[in-house]
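Hi everyone, thanks for coming. Let me put the structure up on the screen, and then we'll walk through a few parts of it together.

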Amino acid sequence: MKTEGLWIWLALSTPLVAQMDFAGEWAPVQDEDNTGNPHIGEFIGIPMSEAGRLRSEAWSSSYMTLPEWQCRPHGAMYISRGPSQVRIWKEVDPVSRQITAWHAEWLRSIDNPYYMDGRAQPSELAPHTWGGFSTATYEGEMLKITTTHLKEDYYRRNGVPSSDRATLTQYWIRRGDYLTWVTIAYDPIYLTEPMIRSSEYRLALNQQIPPYPCTVVDEVDRPKGVVPHELPGTNPYLGEFGQKYDIPIEATGGGAASMYPELARKIIRQKNAATKK
Amino acid sequence: MIVNRTHWMLAGIAAFGMSSLGDGLFAQQNGGAQGRPANPPAANGEIEIVPVRGHIYLLAGAGGNITLSVGPDGVLLVDSGLAQYADKVLAAIRQLSREIDVEGQPVKSYAPPKPIRFIINTHVHADHTGGNEKLRQAGKTFTGGNVTGDIADAAEGAAILAHESVLNRMSASRGGEARTAADAWPTETYYKDSMKLSHFFNGEGVRLIHMPNAHTDGDSLVYFRGSDVLTTGDIFVTTGYPFIDLERGGSVQGILNALNYILDLVIPEFRTEGGTLIIPGHGRISDTADVAYYRDMVTIVRDRVQASIKKGMTLEQVKASRPTADWDPRYGSGDRFVEGVYRSLTAKK
């Protein structure tokens, strides 16, 4: 009789569908290309459109000194690529004990809720936000997150823009103490192809994300109304990255081809041929 | 009418959330499958109302955006949409007035809705003033004493507030423009920097702030102080480049001055997001960051065109250089905007 009770208890306590738990403190594993400090003109690997290239080339780092941008967070298009740790937690319905939402927050982000309660999409007239509006579902042990209603933002923090028409699909894949965070950006304005990136995090049980207070100050004494930018064809810094690492502008300038190995092979062949001469 | 259930919970640091506003009071809008959001509703008479904050709602689909303040004092509109959609707008307002619980009391579904008291025009264009006549006639001005004694029709229809330039343009047939019907004209105007409602309406102060020579020469921002909501008219839109109406006194520098004024006025809740909510002339509800991006775009294009003018380039040469190419996929052809900037910068002072 006791044994039967044990089996019933075990059966009831086993979830019908395995749901991976992602809650915890996670530290970025910076052995990829997500170290966060790109050069001006380092657009390699980003399938940006012509419009995206033009805006990126006009970008000036002084732009971030404008009062409106000093305290901006990193938006969803970039934040998981940055060097910041992340805290993930879940909302659980007290009656059903179903997970109704996941949340993620980095050092320099706002709360990013990922709803799992079946709610409808907001109107397109609703505000767009840095984190966007996200819903999530389990696909096996992965979590799939779909995000809309994003603000204009950046893919890389050297001025590569993302548009407010862009959407984002993300996957969380946990393997023990490691979390792979995959992002797939779709942007009809500034990308010509979906951009897929992945970042690694490692569980960090003793981690605390510090506060990130911010006060707007006059960082640069400039006349009111000035917006720093480079006029077309005049940005003197665009070539520095390529010169430093001896990479042709064909690659550093970005575009879909710069994502694929064929371009790297072509550049190597060209260099080898030049060396032989 | 579609009333979205979205209710902005900008408390704390949440990006935004949704909650039910009541039991079955609102028809639920379902955006359908996940993925790229649909474009904002076009001006085709498909009316959509979205709660903004407190008593403030956005009504879209009737031309320019219409801001509604609906509450215990009645209804105040900022702009009135195109004339052909006035009946639909009126029906939507009446339905909303019946549905919402304006005083914390049970909904009185069969009670007649409170009247339209005020219409404020942000500027003169027909997609923002076209409904004036019909919507005014459906409303009522509360007055009394000597006013009603001396002016027999003082209480007839809602009051229409605007900058004096709007009245001047609507009441005059100049430059080939037909004069609009007198019932559509502003009934109360101002000619200096700003104008206030003389008393709270739906629990808050409402202020009109003139932005000189921006989209036109009669632009007003409308600021709802308690709700912290700002309506901009067409000085700021999320659907396209600014239209600089040079014939009606607009200028690129006026638009930039106005956008920078807006950025001085608004306060984000956290990290340039939320806080003061901004209802543009067309498009979605916005905040500080959205206006800042727009200001940046207008400034950069202005600077590019200015640099080309300094080089002696003609308008056609400037257009051919495509100074808006970075934003054209987002906002459409920039030719009209570039022409407006060019002519504005080269106009004789």
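So, here's a question to start: does A:His229 count as buried or exposed? A:His229 counts as buried, because its relative accessibility is 15%, and buried here means under 20% relative accessible area, with exposed over 50% and partly exposed in between, using a 1.4 Å probe and protein chains only.

Quick housekeeping before I go on. This is a predicted model, where local features need pLDDT of at least 70 and side-chain atom pairs count only at pLDDT 80 or more, while totals for chains, interfaces and linings use all residues. Residues are numbered from 1 along each chain as its sequence is written, chains are lettered from A and ligands numbered from 1 in the order in which they are written, and side-chain values use heavy atoms, with hydrogens and water left out.

Back to A:His229. You'll find A:His229 in the loop between strand S11 (195–203) and helix H4 (240–245) of chain A; helices (H or I, at least four residues) and strands (E, at least two) are DSSP runs, numbered from the N terminus. What does A:His229 touch, leaving aside its neighbours within four places in sequence? That would be A:Ala58 and A:Ser60, plus B:Ile300 and B:Asp303 from chain B, where contact means heavy atoms within 4.5 Å. A:Arg156 is 73 residues away from A:His229 along the chain, and their C-alpha atoms are separated by 17 Å.

Zooming out to chain A: we've got six helices and eleven strands. Its C-alpha trace spans about 85 × 55 × 40 Å along the principal axes. Of the 277 residues in chain A, 52% are buried. And if you take contacts with a separation of 6 or more, 61% of them join residues 24 or more positions apart.

Now over to chain B, which has an open sheet of five strands, in the order S9-S10-S11-S12-S13, with mixed pairing; two strands pair if DSSP finds at least two bridges between them. Strand S9 (194–196) and strand S13 (277–280) of chain B each have a single partner strand, so each has one side without a neighbour in the sheet. In general, strands of a sheet pair through backbone hydrogen bonds, either parallel or antiparallel. For strand S12 (residues 229–233) of chain B and S13(B), the pairing is parallel, over four bridges. In that pair, B:Gly233 sits opposite B:Pro280.

That's my tour, so over to you.
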